[in-house]
Amino acid sequence: MSHEAINQQDANHLAASQGAVSQRGVSQEVKVYKVWDRPTRLFHWINLGLVMVLIFIGMVMLFKGDIGINGLEAKIGLKKLHVWVGYLFAINLSIRLIWGVIGSHSARLSQFLPDLKGLSRYKAKLAKGGSPQYLHHNPMGRLAIFAMMLLLVTIMLTGLVRAGTDIYYPPFGGAVSDYIAQPGVEGASIKPYDDTGVDGKKVAILKPYKSLAGKVHLYSVYLLILMIVLHIAGVIVAEIKHQPGLVSAMISGNKPLTGPAEDE
């Protein structure tokens, strides 16, 4: 169903099932295709919301002194809030990755692997004034989604490392606190930013790895923000100039095409 036009019975339930539209003076038949399934669309919007919340909390953490938030308790509270929202982000992303393996064709991870030959053809058609139509993401969109997914996975993994090394939260926190605890001290008794019962030498051993994870995490977020801006700009251009219906398709799952699908 993801690769085939919706039949007439299904189309009767769609507001814009079929018809004729004029594009550059040429009458063309509009066909509505069923593309991204509900789990894929839910992931997209939930992920966007969680990422925005995490970026906001992260910026507050970075500039807390400048906005008048001081004290160890406030610092730990912000980190805990960031981690808990991060868990929701990690769960949502993990489900999407699993769904990308077992889900419908339009949800498969292969749908946003870079297609360099397709990208070359896409650019050539645009250069000639064409508006190539795609059931899924166009080659530029595939490249952007691939980059963002890599960044999301990197952010998730490094975030979990920092959650374990900063405030000893799962999944790595227990092992970290046990490792840095002094002989005879229970790892569970170790508190964030408190040297009581902590082996300083072992903390020093972990510090470079903790620092590296933090830097990768931070700069991955900066790159993700840039990619989100570029992605939104690309969608707007494509929506207005080349293939209307991209945004609505990520809401309804129904995408209208006014020509043959390049990726059908």
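## Spaces and helix packing in a predicted model

About 40 Å³ of space lies in the largest cavity of this structure. A cavity here is a set of points, on a 1 Å grid over the protein atoms alone, where a 1.4 Å probe fits but cannot get out, and a volume is the space filled by probe spheres set on the points, with grid points joined across faces, edges and corners. By this rule there is one cavity of 30 Å³ or more. Before going further, please note that this is a predicted model, in which local features need pLDDT of at least 70 and side-chain atom pairs count only at pLDDT 80 or more, while totals for chains, interfaces and linings use all residues. Residues are numbered from 1 along each chain as its sequence is written, and side-chain values use heavy atoms, with hydrogens and water left out.

Which residues line the largest cavity? They are Tyr-122, Pro-132, Tyr-134, Asn-138, Ala-238, His-242, Gln-243 and Leu-246. Sorted by class, this lining has five nonpolar, three polar and no charged residues; Ala, Val, Leu, Ile, Met, Phe, Trp, Tyr, Cys and Pro count as nonpolar, Asp, Glu, Lys and Arg as charged, and the others, Gly among them, as polar.

Now let us turn to the pockets. A pocket is an open set of points with protein on both sides within 12 Å along at least five of seven lines, and lining residues have an atom within 4 Å of a point. The largest pocket has a volume of about 1100 Å³. Its lining counts 42 residues, and those closest to the centre are His-137, Ile-145, Met-148, His-231 and Val-235. At least two lining residues each come from helix H2 (38–62), helix H4 (116–127), helix H5 (139–166), helix H7 (200–242) and helix H8 (246–252); helices are DSSP runs (H or I, at least four residues), numbered from the N terminus. H7 gives the most to this lining, with 12 residues. The lining of the largest pocket is made up of 28 nonpolar, 12 polar and two charged residues.

The second largest pocket holds about 810 Å³ of space. Of the 34 residues that line this second largest pocket, Gly-58, Met-61, His-82, Arg-162 and His-217 lie nearest its centre. H2, helix H3 (72–102), H5 and H7 each supply at least two residues of its lining, and H3 has the largest share, nine residues. The lining of the second largest pocket includes 21 nonpolar, seven polar and six charged residues.

How do these helices pack against each other? The axes of H3 and H5 come within 10 Å and cross at roughly 140°. Axes are lines fitted to C-alpha atoms, for helices over the stretch in contact, and angles run from 0 to 180 degrees between N-to-C directions. H3 and H5 are therefore oblique to each other: angles under 35 degrees count as roughly parallel, over 145 as roughly antiparallel, 65 to 115 as roughly perpendicular and the rest as oblique. The crossing of H3 and H5 is left-handed, a term used if the near helix is turned anticlockwise from the far one by less than a right angle. On the H3 side, the contact (heavy atoms within 4.5 Å) includes Lys-79, Val-83, Tyr-87 and Phe-89, and on the H5 side Met-149, Leu-152 and Asp-166 are among the residues involved. The residues of this contact divide into 13 nonpolar, one polar and three charged.

H4 also meets H5: their axes come within 8 Å and cross at roughly 135°. That makes H4 oblique to H5. Gly-118, Leu-119, Tyr-122 and Lys-123 of H4 make the contact with Pro-139, Met-140 and Leu-143 of H5. Five nonpolar, one polar and one charged residue take part in the contact of H4 with H5. Tyr-122 of H4 is also one of the residues lining the largest cavity.

H2 and H7 pack at an angle of about 130°, with their axes 12 Å apart. That makes H2 oblique to H7, and H2 passes H7 in a left-handed crossing. The contact joins Val-51, Met-52, Ile-55, Met-59 and Leu-62 of H2 with Leu-218, Val-221, Tyr-222, Leu-224, Ile-225 and Ile-228 of H7. By class, the contact of H2 with H7 has 11 nonpolar, no polar and no charged residues.

Finally, visit the loop between H5 and helix H6 (173–180), where Pro-171 lies. Most residues other than glycine have a negative phi, and most peptide bonds are trans. The peptide bond from Pro-170 to Pro-171, however, is cis, with omega near 5°. Tyr-168 is found in the loop between H5 and H6, and phi of Tyr-168 is near 60°, a positive value in a residue other than glycine.
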